[in-house]
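Let's take a walk through this model, starting with its pockets and ending with its rings.

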Amino acid sequence: MAMRQTPLTCSGHTRPVVDLAFSGVTPYGYFLISACKDGKPMLRQGDTGDWIGTFLGHKGAVWGATLNKDATKAATAAADFTAKVWDAVSGDELITLAHKHIVKSVDFTQDSNYLLTGGQDKLLRIYDLSKPEAEPDVVSGHTSGIKKALWSSDDKQILSADDKTVRLWDRSTMTEVKALNVAMSVSSMEYVPEGQILVITYGKTIAFHSAETLEQIKSFEAPATINSASLHPEKECLVAGGEDFKLYKYDYNTGEELESYKGHFGPIHCVRFSPDGELYASGSEDGTLRLWQTTVGKTYGLWKCVVPGKCVLLFSFSWCYLAASSRNLSSNINGNHHLNLLWDLYCHLASS
């Protein structure tokens, strides 16, 4: 008999969670940032979901959020016509980048020196973060609001999506290389650098394209409208979520549905695999994030397989820490004393 998924539920947001992103694996683990319509993006420990802090400063819904590779910087895109760059260790706001309309997407280059933004004004902007006062490079060509914009091909190209069009741009010439038209409104886009794969969702379709040519590799049809999909780092499987509150897991090679289960109490807006592929996160209209095991029953993070066929969750220490901390991001990821004491307690319980 198949083991039952037991997700970790991450509360704290008060409105729908519309975007999330993981950092790379760092010496301190990996981290997760979430964007929410409550205007308060949150940073969490990626493998446990434990709350680290909240970035305070936006005056409207936050539509996009990302972390750089080593989790030292965060960037957010918001309805207050700004994108912000944050110190992800101290929580300090470093830069505010004013726009002329709602900002929907932010993405760092691999060296964290440049930030790409896109939003309702139909323009892509590239900011040199060492010269935040300088005017950004601007790329025009979209005919409707930009939903997602991502660096690709070692930051030499840009992928962006508006309502029904995905465009590929050359960074050096700032010109369009190719455009891909789809039948319905694009709901999400993920770039997978290993293998140069672009994952696009629209309607009930989950499509995979070459990130270098936009040629289609394959596509799957889901039973419901899909809002987001993510490909496992090893390309073994993919997960997707959408309007029917369910999460779907498919075999990437065959398209076979491996699992499906109700994941939230509202439509699912975003899903992403962790950088090690051991779990995936989902964010929903119900205001929560949930973490799910890729391999159910495996001991990992707060999941502990105590007897064959039975997996339990250890308690999460984040609420103890939350009660003793200020609401802004004041903890040092690299070594807050109280956090270390709680972590030692958690590790003791996990190994007992």
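Start at the second largest pocket, where 24 residues form the lining and V18, W63, S187, N227 and H269 lie nearest the centre. A pocket here is an open set of points on a 1 Å grid over the protein atoms alone, where a 1.4 Å probe fits, with protein on both sides within 12 Å along at least five of seven lines; lining residues have an atom within 4 Å of a point. This is a predicted model, with local features needing pLDDT of at least 70 and side-chain atom pairs 80 or more, while totals for chains, interfaces and linings use all residues. Residues are numbered from 1 along each chain as its sequence is written, and side-chain values use heavy atoms, leaving out hydrogens and water.

Now for the largest pocket. Its lining takes in 37 residues, and F22, S23, D107, Y191 and P193 are the ones nearest its centre.

F22 also leads us to the rings. The whole structure holds eight aromatic pairs, meaning Phe, Tyr or Trp rings (the six-membered one for Trp) with centres within 6.5 Å; planes under 30 degrees apart are stacked, over 60 edge-to-face, and the rest tilted. F22 and Y30 make an edge-to-face pair, 5.7 Å centre to centre with 70° between the planes. Both F22 and Y30 are buried (under 20% relative accessible area, 1.4 Å probe, protein chains only).

Elsewhere, F208, F220, Y248, Y250 and Y252 make up one aromatic cluster. The charged end of K218 sits over the Y252 ring, 4.1 Å from its centre (NZ of Lys or CZ of Arg within 6 Å of the ring centre and within 35 degrees of the ring normal). Likewise, R171 lies over the face of Y114, 4.7 Å from the ring centre.

Definitions and conventions: Buried < 20%, exposed > 50% of the residue type's maximum accessible area, 1.4 Å probe, protein only.
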